[in-house]
Amino acid sequence: MFEAEESTPHVYTGPYQKVARTSRVISECGLSGLETGHLVALRGDTNNLLIGRCIRIMDDEIEVLWFDGSYTAVWQPSKMKDANNPRKLVDWTDKVPKSSIILYDFSFTAKGRQRKATVEHLKSILS
């Protein structure tokens, strides 16, 4: 027969209680955790916010798929005209230096917006 130790935690069996969700941004030094598929925030040349998805990692730069949006709007992949067929739109990709990354490995909400904690963190960095 199994006997519970005194340190065994009790299990709550009452009515369902919604778990409180807390959000915070974890700042990590360096880019050692950067992986393909991560969203990255970059500082633009006029100190504006740029968002992209890392699609390839090289030595000193990454290739990103750009996103259009704003702090309060939905973020969607950016499109550009195809060089061979101007009537066709293709995903806008570009190579950028790793040194321009200010935040990575964050996520959008289910509706494609930035999370409140991410917005606050990015605004504090860019201000």
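## Exercise 1: strands

E2 and strand E3 (residues 61-68) run antiparallel and are joined by six bridges. Strands here are DSSP runs of E with at least two residues, helices are runs of H or I with at least four, and both are numbered from the N terminus; two strands pair if DSSP finds at least two bridges between them. Before going on, note that this is a predicted model, in which local features need pLDDT of at least 70, side-chain atom pairs count only at pLDDT 80 or more, and totals for chains, interfaces and linings use all residues. Residues are numbered from 1 along each chain as its sequence is written, and side-chain values use heavy atoms, with hydrogens and water left out.

Solution. One handy check is Arg43, whose bridge partner in E2 is Leu49. The hairpin between E1 and E2 has five residues, and in its turn Asn47 has a positive phi of about 65 degrees.

## Exercise 2: the helix

Task: list the buried residues of helix H1 (residues 116-126) and say which strands they pack against.

Solution. Next, search for contacts (heavy atoms within 4.5 Å): the buried residues of H1 pack against E1, E2 and strand E8 (101-106).

## Exercise 3: rings

Task: how many aromatic pairs does a search of the whole structure find?

Solution. Rings of Phe, Tyr and Trp (its six-membered ring) pair if their centres lie within 6.5 Å; planes under 30 degrees apart are stacked, over 60 edge-to-face, the rest tilted. The search returns three pairs. One of them is Phe67 with Phe108, edge-to-face at 5.8 Å centre to centre and 65 degrees between the planes. Phe67 sits in strand E3 and Phe108 in the loop between E8 and H1, so this pair ties together parts 41 residues apart in sequence. Phe106 also pairs edge-to-face with Phe108, at 6.4 Å and 75 degrees. Finally, ring pairs link Phe67, Trp75, Phe106 and Phe108 into a cluster.

Note on methods
Buried < 20%, exposed > 50% of the residue type's maximum accessible area, 1.4 Å probe, protein only.
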